[in-house]
Amino acid sequence: MRIAILGAGAIGAYAGAALHRGGADVHLIARGPHLEALRADGVRVLSDRGDFTARPNATNDPREIGPVDFVFLGLKAQHYAACGPMLRPLMGPHTAVVAAQNGIPWWYFHGLAGPLADHRVHTVDPGGSVSRAIPVERAIGCVVYAATEIEAPGVIRHLEGTRFSIGEPDRTISRRCTDLSEAMVAGGLKCPVERDLREDIWVKLMGNITFNPLSALTRSTMAQICRDRSSRELARSMMNETLDVAARLGVDPTISVERRLAGAERAGDHRTSTLHDVERGRPMELDVILTAVVELADMVGAAVPTLRTVDSVARLLNARLTDGSVAERMTAAAAAAAPARAA
Ligand SMILES: NC(=O)C1=CN([C@@H]2O[C@H](COP(=O)(O)OP(=O)(O)OC[C@H]3O[C@@H](n4cnc5c(N)ncnc54)[C@H](OP(=O)(O)O)[C@@H]3O)[C@@H](O)[C@H]2O)C=CC1
Ligand SMILES: CC(C)(CO)C(=O)C(=O)O
């Protein structure tokens, strides 16, 4: 099985290393010092479950790889619309694209019956730009329960979880999903094939919609947000509003807000991927995680005052982070602080 990992970052390189360990023919696509380290030393995974090193091929040029069976998309979702030229050389007639993203995917309404069939969520697929880059027929959904971060170029710190739930948008159990699942399991990951991934999407989203923006806005860990009485109440409101939107879309995530809060608190002083981005002066992955749910709430007539407020301040921060000069200043500040932290 040939697999290309487009965006071999924290999650992509971790999945790629596991798949390679399990025997798949894996090709990592990365860039910069991280790519140089991957080429020189492979992916070094540091984990309580056991450290390991995998040495798949690594490149910045998909044309060197050619058509594959699966593209595992490890990019941040805001880069999906622009990934068409990188994706094209990897596409054969049957290539599937596995989007390992948080939040509402661009294929969310694809394959559903009823009045919302093939409805396009504007926030995540503006003007159809993502559907054009990644046709929905190619998409396999993936909900990532693992948490990882890039500790140093080529080095992935695995923090918790090994589950990558996958599923077809049209609720079939396909051969391509079961094949991929076997390859992931051979690499030591959990990879259940779900008949309808949408329930998993909302269960995971209850955490991301709350902790990713709040952690970035307050520079706090998940546990710190849960332990403070008023931010815990804020998190609770955000989760309740999210559940209401899900219910109006016909999804009933089988987990209570209290259980989700307790799980987040147990994760401890974990910094979300969005907090990492902000600390590096990079824009947040906000559209798929929060703004899309506000759009869906408006569509189904749900009142989401708390989500709307957090979205508006987070979008204001994102506008500053998208402004290159601010991002450069923050990156320079982070670089200046790094030796001090190390000492
Ligand atoms: N990290 C986690 O624990 C979790 C992440 N997720 C989801 O997984 C997805 C990926 O997140 P994460 O792994 O944290 O993100 P990362 O930023 O670590 O990984 C993205 C990688 O893609 C690379 N990249 C971007 N553009 C290109 C390009 N044109 N060519 C080559 N490489 C490119 C980036 O390189 P560069 O740094 O140079 O831009 C980076 O290494 C997100 O949707 C996130 O929500 C879900 C659950 C948990
Ligand atoms: C917080 C985590 C790891 C899941 O809870 C996540 O999805 C993220 O950091 O984006």
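Begin by selecting ligand 1: of the 27 residues around it, Gly-7, Gly-9, Ala-10, Ile-11 and Asn-102 come nearest. A residue is near a molecule if its C-beta atom, placed from the backbone, lies within 6 Å of it. This is a predicted model, in which local features need pLDDT of at least 70, side-chain atom pairs count only at pLDDT 80 or more, and totals for chains, interfaces and linings use all residues. Residues are numbered from 1 along each chain as its sequence is written, while chains are lettered from A and ligands numbered from 1 in the order in which they are written.

Next, colour α1 (10-21), α2 (32-41) and β9 (147-152), each of which supplies at least two residues of the shell around ligand 1. The largest share, 4 residues, comes from β9. Helices (H or I, at least four residues) and strands (E, at least two) are DSSP runs, numbered from the N terminus. By class, this shell of ligand 1 has 11 nonpolar, 12 polar and 4 charged residues. Here Ala, Val, Leu, Ile, Met, Phe, Trp, Tyr, Cys and Pro count as nonpolar, Asp, Glu, Lys and Arg as charged, and the others, Gly among them, as polar.

Now select ligand 2. Around it are Asn-102, Ala-147, Gly-207, Asn-208, Phe-211, Asn-212, Thr-272 and Ser-273. Helix α6 (residues 198-218) gives the largest share of this shell, 4 residues. The shell of ligand 2 has 2 nonpolar, 6 polar and no charged residues.

Move on to helix α8 (residues 229-248) and helix α12 (residues 305-322), which pack at an angle of about 110°, with their axes 8 Å apart. Axes are lines fitted to C-alpha atoms, for helices over the stretch in contact, and angles run from 0 to 180 degrees between N-to-C directions. That makes α8 roughly perpendicular to α12; angles under 35 degrees count as roughly parallel, over 145 as roughly antiparallel, 65 to 115 as roughly perpendicular and the rest as oblique. To see the contact, show Leu-234, Ser-237, Met-238 and Glu-241 in α8, which meet Thr-306, Leu-307 and Val-310 in α12. Two residues are in contact if their C-beta atoms, placed from the backbone, lie within 7 Å.

Thr-242, Val-245 and Arg-248 of α8 make the contact with Val-293, Leu-296, Ala-297 and Val-300 of α11.
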